[in-house]
Amino acid sequence: MPVELKGSCHCGAVRFSLESSTPVPYQLCLCSICRKVGGVGGSINLGGYSKTLKIDGKEHISVYKAVLDRDTLGEKTVSSERSFCKKCSSMLWLYDESWPDLIHPFASAIDSPELESPKTLTCIKSDSKPTYVRLPEGDKTVYPEYGPYSIEEWHKKHHAFKA
C-alpha cells in the first residue's frame, strides 16, 4: 500500500497530504535550481501521486518556473513548476505536466511519517556544485549528471517501493 505523506510549510499557512509509493529520500540534487530554491546543499524530492494531493491553504501557494542557462542565448523556462508558500518561502513540491500522474514533494516539507534514511545517498548533478558546497557525511554515490535509476526504479531495486 502507498504511504500517506503529510507536509507543511514553515509558517503553517499551507498543509498538504498525498499518497506515495516512493517515500525514501535517497537522492540529493545539487543542480543550481535545487541549490538556489532549496538551500546551499540542494534538494531531495520524493515521488507521489498527483491525484491524491490534498491542500489546505491553497491561497498561500505561489509557483516558480525555473530558468535554464540564464543570461545566455540558450536561456529557456523549464516545464516543471515548483510550488512554495508565498508567506514563508518554503518549497513544497515540484510538478511537471510531462508526468501528469506524478508530483514530487520536497522531503524537507514532509512532517510525517518520519522518513526512512537510505543506506547510501545518491548525489546527482555534482558537475554544477560549487567547490564551497560540501557533500553530506556517510555513504554516498556521486554522479556528475543523473544517476541510472528513476525514483521508482531505485525504490523497486532497493525493495522500498510501497505498491
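This is a predicted model: local features need pLDDT of at least 70, side-chain atom pairs count only at pLDDT 80 or more; totals for chains, interfaces and linings use all residues.

Visitor: How many bridges join β10 to β11?
Guide: Strand β10 (residues 81-85) runs antiparallel to β11, and the two form a hairpin with five residues between them, where serine 89 in the turn has a positive phi of about 75 degrees. Within this pairing, phenylalanine 84 stands opposite methionine 91, while serine 83 stands opposite tryptophan 93. The number of bridges joining β10 to β11 is four.

Visitor: Which residue of β12 is the bridge partner of tryptophan 93?
Guide: β11 also pairs with strand β12 (residues 102-105), in the antiparallel sense and over two bridges, and these two strands form a hairpin with six residues between them. In β12, the bridge partner of tryptophan 93 is proline 105.

Visitor: Is strand β11 largely enclosed or largely open, and how many of its residues are buried?
Guide: Strand β11 covers residues 91-95, and a residue counts as buried when its relative accessible area is under 20%. The strand is largely enclosed by the rest of the structure, because the number of its five residues that are buried is four.

Visitor: Which side chain of opposite charge is nearest to arginine 35?
Guide: Arginine 35 is found in helix α1 (residues 32-38), and its side chain reaches the backbone oxygen of leucine 30 at 3.0 Å. Beyond its neighbours within four places in sequence, arginine 35 has contacts that include Ser128, Lys129 and Pro130. The residue is buried yet has no salt bridge, a term that requires a distance within 4 Å. At 8.7 Å, the nearest side chain of opposite charge is that of aspartate 127.

Visitor: Why does glycine 7 count as buried, and what is its relative accessibility?
Guide: Glycine 7 lies in strand β1 (residues 3-8), and, not counting residues up to four places away in sequence, it touches Val14, Arg15, Phe16, Ala109, Ile110 and Asp111. The cut-off for a buried residue is under 20% relative accessible area. Glycine 7 therefore counts as buried, with a relative accessibility of 4%.

Visitor: How far apart in space are histidine 60 and valine 14, C-alpha to C-alpha?
Guide: Histidine 60 is placed in the loop between β6 (54-56) and β7 and is partly exposed, with a relative accessible area of 21%. The side chain of histidine 60 makes a polar contact with the side chain of glutamate 59 at 3.4 Å, and, leaving aside neighbours within four places in sequence, the residues in contact with histidine 60 include Val14, Phe84 and Cys85. Although histidine 60 and valine 14 are 46 residues apart in sequence, the distance between their C-alpha atoms is 6.6 Å.

Definitions and conventions. Residues are numbered from 1 along each chain as its sequence is written. Side-chain values use heavy atoms; hydrogens and water are left out. Buried means under 20% relative accessible area, exposed over 50%, partly exposed in between (1.4 Å probe, protein chains only). Lys and Arg count as positive and Asp and Glu as negative; His and the chain ends are not counted. A polar contact is a pair of N or O atoms within 3.5 Å; within protein, one must be able to donate a hydrogen and the other to accept it, and residues adjacent in sequence count only if both atoms are side-chain atoms. Contact means heavy atoms within 4.5 Å. Two strands pair if DSSP finds at least two bridges between them.
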